[in-house]
Amino acid sequence: MAAQVIANSGHDDMIHDAVLDYYGRKLATCSSDRTIKIFEIDGESQRLVETLKGHEGAVWCVSWAHPKYGNILASAGYDGKVFIWKEQGQNNQWQRIYDFPLHKASVNVVSWSPHEAGCLLATASSDGNVSVLEFKDTAVDHATFPAHGLGVNSVSWAPATSPGSIVSSAPGPGSVGNRRFVTGGSDNVLKIWSFDPASQSYKQEGEPLTGHSDWVRDVAWSPTVLQKSYIASASQDKTVRIWTSDPSSNGQWDSKVLNFDAPVWRVSWSLSGNVLAVSGADNKVSLWKENLRGEWECVKSIEE
């Protein structure tokens, strides 16, 4: 797919996030100008169709729900608000259908779960809390819990199926996919959380994953269901750690360290899950892949 540069985005300030929908037909951008813009993408051209207003500060993050739930977008901002927007009605107008106002500081990230697990949105806030909103036909449930005392910078869901379980029988009626995710915080650690059906709450799995010496800026759980689970974490300490766990390891995670020349801000897996993109404060983007010896190699470096 050819890269598209939206030179004239219409935003009056820095753009913090730009996300294509599932089909690559809609692009949502968000900015310090407090707005979200929706573009229709058609071949080489793009058309601004809507500007969504309501946030009272910079909008850090936008995220599309799975299309089986409709054209739904979540947004998170410095104002501590999470908004859910939906394209609906006869004229396909965008409307704000839900506000989540319970965070007491900036909401840094919103992330939808794999659709097999339900219509779930995790939110990570500088107030130290994570919330998981569950959208049902007629109601929205939420669970809010303390995750990282100094602030939560990132959250990423695990794939809906466990590694190695791809050959197991189809799930029975009423079962939900894995509800697990990883968080990264300003306390320099990662934590893994899973849904406990008995208490209907999220509980921390095992000990925090330690090793970073500064803020964990971003975490990304690989979408693949190979023999192992992979999580990448990006830190202010100029490293990326790649954590692996296999079904026989009893929940233990091992990590390998990749060193960089500047603080690392973002990590992102390819959809196939085996290529990791890393970007940092020096505006460099690099792509990494695991070789047959289990070492991570830089396969491409892109200078912005």
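Predicted model: local features only at pLDDT ≥ 70, side-chain atom pairs only at ≥ 80, totals over all residues.
Which residue lies over the face of Y23? R25 does, at 4.8 Å from the ring centre. A charge counts as over a ring if NZ of Lys or CZ of Arg is within 6 Å of the ring centre and within 35 degrees of the ring normal.

Residues are numbered from 1 along each chain as its sequence is written, and side-chain values use heavy atoms, with hydrogens and water left out.

The structure holds 17 aromatic pairs. Rings of Phe, Tyr and Trp (its six-membered ring) pair if their centres lie within 6.5 Å; planes under 30 degrees apart are stacked, over 60 edge-to-face, the rest tilted. Two of the pairs are tabulated here.

| Pair | Type | Centre to centre | Angle between planes |
|---|---|---|---|
| F145 and F181 | stacked | 6.4 Å | 25 degrees |
| F195 and Y202 | tilted | 5.1 Å | 55 degrees |

F145 belongs to strand β12 (residues 140-146) and F181 to strand β14 (residues 180-185), 36 residues apart. Strands are DSSP runs of E, at least two residues, numbered from the N terminus. Both F145 and F181 are buried. Buried means under 20% relative accessible area, exposed over 50%, partly exposed in between (1.4 Å probe, protein chains only). Y202 is buried at 9%, whereas F195 is partly exposed at 21%. Ring pairs join F145, W157, F181, W193, F195 and Y202 into a cluster.

Methods. Helix = DSSP H or I, 4+ residues; strand = E, 2+ residues; numbered from the N terminus.
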